[in-house]
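Hi there,

Here is the structure I promised to send over. Have a look at it first, and then read on for what turned up.

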Amino acid sequence: MLKRVKNPRLSRSKGARKALLKGIALSLFEKGSIETSEARAKGVRSFIQSALRVSDNHELDLRRVTSLLSIDRLKAEKVILLGRALPVGSSATRIIRLGSRAGDMSPRVKLELLAKVPKVSKAEKSTKANPSKSAPKSA
């Protein structure tokens, strides 16, 4: 018995669809917001939500995100920080309708990432870099 495809097919095969979703997700993580078609934006929402899902095991999260998005560890760290900054149970993206494209009248939307990386103050950076300097000495 044939099963339904979970995400929209976007007129592509499975491999091309995965590559498209990875590309859209990576550009969204880098830029914060992108302009795309409505069907692609709706298709990439669950992919982004699964990439931002975090657990208690940091090393496991790193391996999962690097394999899911095919990125290096530094970029995966940023994605994991975004996932930790996201409140539990909330959506990671926002879709804003912009109107239709002039050439083929396809609906265009702006896809925004709602999670922002928390800013680290200079004092916190120095304590993380040199914990012995800020920690009180015990006799």
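Let me start with the sheet pairing: S2 and S3 run antiparallel to each other over 7 bridges, where two strands count as paired if DSSP finds at least two bridges between them. Within that pair, arginine 97 sits opposite valine 109 in S3. S3 also has a partner in strand S1 (residues 33-37), again in the antiparallel sense, this time over 5 bridges. There, isoleucine 34 faces leucine 111 in S3.

Before going further, a word on the basis. This is a predicted model, in which local features need pLDDT of at least 70 and side-chain atom pairs count only at pLDDT 80 or more, while totals for chains, interfaces and linings use all residues. Residues are numbered from 1 along each chain as its sequence is written, and side-chain values use heavy atoms, with hydrogens and water left out.

How enclosed is S3? Of its 7 residues, 5 are buried, so S3 is largely enclosed by the rest of the structure. Buried here means under 20% relative accessible area, exposed means over 50%, and partly exposed is in between (1.4 Å probe, protein chains only).

Methionine 105 is not a glycine, and it is exposed, with a relative accessible area of 56%. The other is serine 70, with a positive phi near 55°, also in a residue other than glycine. You will find serine 70 in the loop between helix H3 (58-69) and helix H4 (73-85), where it counts as exposed at 53% relative accessibility.

As for the whole chain, there are 6 helices and 3 strands, in the order α-β-α-α-α-β-β-α-α from the N terminus on. These are DSSP runs numbered from the N terminus: helices are H or I with at least four residues, strands are E with at least two. Of the 139 residues, 30% count as buried. The accessible surface is about 9,800 Å², and 55% of that belongs to carbon and sulfur atoms (Shrake-Rupley method, 1.4 Å probe; for residues, only the protein chains shown count as cover). Among contacts (heavy atoms within 4.5 Å) with a separation of 6 or more, 49% join residues 24 or more positions apart.
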